[in-house]
Amino acid sequence: MLRLPYLAVSRVFALMRLLPMTDIDKDIEILTLRHQLAVLQRQIDRPRFTAADRVFLVALLHRLPRARLGQFRLIVSPDTILRWHRDLMRRRHGVQAVHPDQ
C-alpha cells in the first residue's frame, strides 16, 4: 500500500537531482542507462512488474502515440503499455473493455 507513494516521492527526489545537471550530463546518463537496459534484456527472459511499476510506466507513457513509443527502448512492447492503460481505466471507471479492432 505504501509502495506507490514511496515511488512517487523517490521520483520527485530523482527529478530534483536532475535540475542542476547539464544537458550533456543528462544525455550521458540516458545513454548509459539504455546500454545497461540492453545488457539486462539479454540476460532475462521476461521481467515481472508490480502494480505500482505498471501505474508509473502508464502515467509516464500513455499519452505518447504508438509510433513514438516504438522508438523508445522499453522492456515491454508499446501494445503492453497501452493494454495496461486500458486495464487501469477499466478498473478505475468500471468501463467495459472495447477491443480496438471492433
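Entry 1. Before sorting residues, I noted the classes: Ala, Val, Leu, Ile, Met, Phe, Trp, Tyr, Cys and Pro count as nonpolar, Asp, Glu, Lys and Arg as charged, and the others, Gly among them, as polar. I also noted that this is a predicted model.

Entry 2. I looked up the largest pocket and applied those classes to its lining. The lining has 17 nonpolar residues, seven charged and one polar. In total, 25 residues line the pocket. The space in the largest pocket comes to about 1,200 Å³.

Entry 3. Which residues lie nearest the centre of the largest pocket? I found Arg-11, Leu-33, Phe-56, Leu-57 and Leu-60 there. The elements that give two or more residues to the lining are α1 (3–18), α2 (23–43) and α3. Helix α2 supplies the largest share, eight residues. A general point for my notes: rolling a probe the size of a water molecule over the atoms shows where empty space is left.

Entry 4. I turned to helix α3, residues 51–61, and helix α5, residues 78–93. Their axes are 9 Å apart, and the two helices pack at an angle of about 105 degrees. Angles of 65 to 115 degrees count as roughly perpendicular, and α3 and α5 are therefore roughly perpendicular to each other. On the α3 side, Arg-54, Val-55, Leu-57, Val-58 and Leu-61 make the contact. On the α5 side, I listed Ile-81, Trp-84, His-85 and Leu-88. By class, the residues of this contact are seven nonpolar, one polar and one charged.

Entry 5. Which residues of α3 are buried? I wrote down Ala-52, Val-58 and Leu-61. Among the elements that cover the buried residues of α3 are α1, α4 (66–71) and α5. In general, an α-helix has 3.6 residues a turn, so residues three or four places apart point the same way.

Entry 6. Is Thr-80 buried or exposed? Thr-80 sits in helix α5. Its relative accessible area is 15%, and buried means under 20%, so Thr-80 is buried.

Entry 7. Last, I checked Leu-31, which belongs to helix α2. Exposed means over 50%; Leu-31 has a relative accessible area of 55%, so Leu-31 is exposed. Leu-31 and His-85 are 54 residues apart in sequence, and their C-alpha atoms are 27 Å apart in space.

Terms used
Residues numbered from 1 in each chain as written. Predicted model: local features only at pLDDT ≥ 70, side-chain atom pairs only at ≥ 80, totals over all residues. Heavy atoms only, no water. Axes fitted to C-alpha atoms, helices over the stretch in contact; angles between N-to-C directions. Helix = DSSP H or I, 4+ residues; strand = E, 2+ residues; numbered from the N terminus. Parallel < 35°, antiparallel > 145°, perpendicular 65-115°, else oblique. Contact = heavy atoms within 4.5 Å. 1 Å grid on protein atoms, 1.4 Å probe; cavity = no way out; pocket = protein on both sides within 12 Å on 5 of 7 lines; lining within 4 Å. Points joined across faces, edges and corners; volume = space filled by probe spheres on them. Buried < 20%, exposed > 50% of the residue type's maximum accessible area, 1.4 Å probe, protein only.
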